[in-house]
Amino acid sequence: MTRRRYLGRRLALLVLVVFGISIVAFLLVHVLPGDPARSRLGVFATEELVQLKRAEMGLDKSLPEQYVTYMGNVFRGDLGDSWRTHNPVAEDFVERFPATIELALAALLLAVVLGVSLGVAAALRRNGPFDHLATLLGILGISAPVFWIGLLLIIAFVTQLHVLPAPLGRLASDVEAPTQITGLYVVDSLLTANWEALRSSLLYLVLPAVTLGILPLAPITRMTRAAMIEALDSDFVRAARALGLSRTQVVVKIALRNALIPVVSMVGLQLGYLVGGAVLVEIVFTWSGIGLYLYRSVIGLDFAPIQSLVLIVGVLFALINLAVDMLYFAIDPRIRVR
Amino acid sequence: MSANGPLLQVSDLQVHFRTRDGSLEAVDRINFEIGSNEVFGLVGESGSGKSVTALSILGLVPSPGRIVGGDIVFGDRNLRELPERVVRTIRGREIGMIFQNPRASLDPVRTVAVQLSRALRAHHDLGRGEVRRRSVRMLRDLGMPDPEAALTKYPHQLSGGMCQRVMVAMMLSSRPRLLIADEPTTALDETVGAQLLEHLRRFKEEHAASILLITHDMGVIAEMCDRVGVMHAGHVVEVGPVGAVFRDPRHPYTRALLDSTLRIDRDSPLSDIERIPGTVPNLLHPPPGCRFADRCAYVLPACRPAKPPRLEVAPGHHVLCQETVIREFAAP
Amino acid sequence: MSGRRVATVWYQVSQNTLTVVGLLLITIVVVFAIFAPWIAPANPVSGDLLNTTQPPSSQHLMGTDQFGRDIFSRVVHGARVDLAVAGIVVSVAFVMSVALGALAGFAGRVADELVMRSMDVVFSFPPLILAIGIAVTIQQGGMLSLVVALTVIAIPPMVRITRAEILHRKESLYVEAARAIGSSPLRVLAVHLVPNSLPPLVVQATLTFGYVILETAGLSFIGVGVKPPAPEWGIMVSEGSPYVRTGEWWISLFPGLMIFVTVLGFNLVGNGLLDVLNPRRRRQ
């Protein structure tokens, strides 16, 4: 009952936010200085052609009318064309999306595994070595520019130690990409038992994933530590110990299980920053995902992809937040209406 | 195991809490014992060290507290000398503990069924069906309405009394020989509290168990206990059979406690003990002599410089007080 | 905050080693910014083409870049650019946040919903992506678009804090008392509510300062922020990045280090203030 009501409220909020996002994206395209017709045709188009395009795009109509047309196009999957690649923006996105997903997932996985372990270790031995390490990492991790960390790692592991390949893409140039299933090279090469591609894709993935993973590592560690300390000091953990349960069972199944609830929402919040960071990391490592695409569009003054990306990423991010909230139902039975 | 010795013997137990300003002597060289099939009560105001004593027995003193001295002999084993691995097998199986706040003591994100199964499987290898049968039976025995349905519930969906029943079921599931109950009725309303006490008594009779009952309610002590220890500021100031202690208290603090219980109306929300004038001394820098001296109506000059001796005023009846005080105060 | 309050806070802050380290780092960067022309040994924008990509030496402390410019001089002058951008952004965001937060917390339900749902919308974008979108749209790069973009993403957290503080204090006794003696609502807001919400906002502003410097560098690195040849740290890292692969590490390393040190300084001070001004957190 209460769940259904909460869900209803949550969905209403989502609709509202998505509407807001579409307005912002629409404004970026239509109201602020800059001519979308020209941006579609490119800087070399004649004024006549631009006028024709304006009429074709409905730019001579009123704003609300334009918004309706715009959203109609968006729903039909028409996000405009990139004059740099000569492709529909939607097509370009679909092509590059898996690379970004692969990078973000790998980074998140690293950050969660490392952050949760470190946070637990810090909470178990307060003021111990791991605790100090966690505090230090926490403050350093949020202070360093992610693109600079990437370059430092390249200096260390590529140009000095020569243990990892140069930051040029997702695979060695002499290795063929695995058969496309998910678009994530590591997953695809696993699924197709393509060990050569797996090895190469992992080698190329390590540095960018570590670089991007540093971003959410600090907050995840900090949150895990705090939640874990609270759980370990709780009455229910004391009661569980009085029952004679093993230390592992108490720490992992009871304390950690409870501590993970706030950590999950933290991870959800980090996704937004992760997408932003991914843009920078992809530039540094020439990782051909959405970020690099965005960068090249910026450099080439190709506006359609940039503005569409704001819309897509905004909506995507709102959906991810919804998913995280839904996940709450699965892991926290106490949730009612907030 | 010696057949007639006490089930639990606590001697010279010392628990300190390390703080920034020094060591806090929460429990200072206390002595008491609990016989088999006996209910032993521990009374005292909050902060007197009752709960810390109870947690010491289980080896669960929270950080920064630490047992720094003394022995805790359970049966024929000194718990302080056993490795954690062994103590763990005693916790829950041979010594159970019921906590003050039942809801907070249950895992908030697991159903009752999971938590009962954890308790049942902590020390015994049981199949799923058996776990379920036993869970239902235990809850029914404890007077839980509709135990089958209760199994599927989370703690936040249950009343305080029901949470208490779940916790008691968990703690009694292995039929411990010693059950520690720390203020078990404080969080409950009167009827539910009375039912719980009745259940504890029945458990004790049926399984020949012993109970360490911590409370600040003298009425509960009178009703439930065979012997009682009175704690004040980290000391057990008087210990003996309930009848003797109640009829003929020998320590001024016990006397004050009993007087205040008899004097006041039962409806007052204050606990009996909180009506005794004065405050517990600062345990960071306790006075060198008797810790009750500043509040004591019978205080003598001799009380302040030296620690009071432990005197046996009658067989099994010990008092931590200067002999002269006891004599003067027993005179009228 | 009264003078005595400031003095107390100052005393408590000075007791924390990390906070003092943070203050020291900020001081160094501020000194760089103010005295840049006197500290920098060379011109930050014109280079010596006979001395390109020289490694650090006694003559060029941090080496030279691909145009033969002295990196140390550029790093020192860069403090001006990055601190100026962050300073403007944080000041504007601060004022606007107080206004919006007060509106949301004090002007009734409709205003509250309007302001807060707008903040939800801004919040639902990954900040860097939105900033890129705004910066690109407004002016195709440049200082003004950078400032606008960064201000937009800096505002929502500060508005939330102001609103929460005002809502929390609206019910407090001294506000009731002020109302009882007939103070006008606006007076209550200006004299009692806003000043008392400032401490947590100051903490947030300090942390935002560091964050804005990071994002300034990030946007410039991407090419939508400050434009070359301005000695901005993010641009310098970006310009040096191709050379990293060929072993000329110093071009990117030192400007990045400056960003890191500056942001670290603000984060250390922000955390120190948080501990002092937020008693709930302090207890933990």
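**Entry 1: α7(A) and α10(C)**

I looked up how helix α7(A) passes helix α10(C) and recorded a left-handed crossing. The model I am reading is a predicted one. For this pair, I noted that the axes come within 11 Å and cross at roughly 15 degrees. Angles under 35 degrees count as roughly parallel, and α7(A) and α10(C) are therefore roughly parallel to each other.

I then listed the residues that form this contact. From α7(A) they are A:Phe147, A:Trp148, A:Leu151, A:Ile154, A:Ile155 and A:Thr159, and from α10(C) they are C:Val237, C:Ser241 and C:Val244. Sorted by class, the residues of this contact are seven nonpolar, two polar and no charged.

**Entry 2: α10(C) on its own**

I checked the length of α10(C) next. With twelve residues at 1.5 Å a residue, α10(C) should span 16 Å, and this agrees with its end C-alpha atoms, which are 16 Å apart.

The buried residues are C:Trp233, C:Gly234, C:Ile235, C:Met236, C:Val237, C:Ser238, C:Glu239, C:Gly240, C:Ser241 and C:Val244. Two of the elements that cover them belong to chain A, namely α7 and α11, while α4 (71-106), α9 and α11 of chain C are also included in the cover.

**Entry 3: α7(A) and α11(A)**

I returned to α7(A) and looked up its packing within chain A. Helix α7 (residues 146-160) and helix α11 (residues 247-284), both of chain A, have axes that come within 9 Å and cross at roughly 30 degrees. That makes α7(A) roughly parallel to α11(A). Here I recorded a right-handed crossing.

Which residues of α7(A) meet α11(A)? They are A:Val146, A:Phe147, A:Gly150 and A:Leu151, and in α11(A) they meet A:Gly277, A:Leu280, A:Val281, A:Ile283 and A:Val284.

**Entry 4: chain C against chain A**

Finally, I looked up the whole contact between the two chains. Chain C gives 39 residues and chain A gives 43 residues. On the side of chain C that touches chain A, the elements giving two or more residues are α5 (109-123), α6 (127-139), α9 (185-222), α10 (233-244) and α11 (250-277). I noted the classes on that side of chain C as 23 nonpolar, 13 polar and three charged residues.

Key. Residues numbered from 1 in each chain as written. Chains lettered and ligands numbered in written order. Predicted model: local features only at pLDDT ≥ 70, side-chain atom pairs only at ≥ 80, totals over all residues. Axes fitted to C-alpha atoms, helices over the stretch in contact; angles between N-to-C directions. Helix = DSSP H or I, 4+ residues; strand = E, 2+ residues; numbered from the N terminus. Parallel < 35°, antiparallel > 145°, perpendicular 65-115°, else oblique. Left-handed = near helix turned anticlockwise from the far one by under 90°. Contact = placed C-beta atoms within 7 Å. Nonpolar A, V, L, I, M, F, W, Y, C, P; charged D, E, K, R; others polar. Expected span 1.5 Å × (residues − 1). Buried ≥ 20, exposed ≤ 12 C-beta atoms within 10 Å, placed from the backbone.
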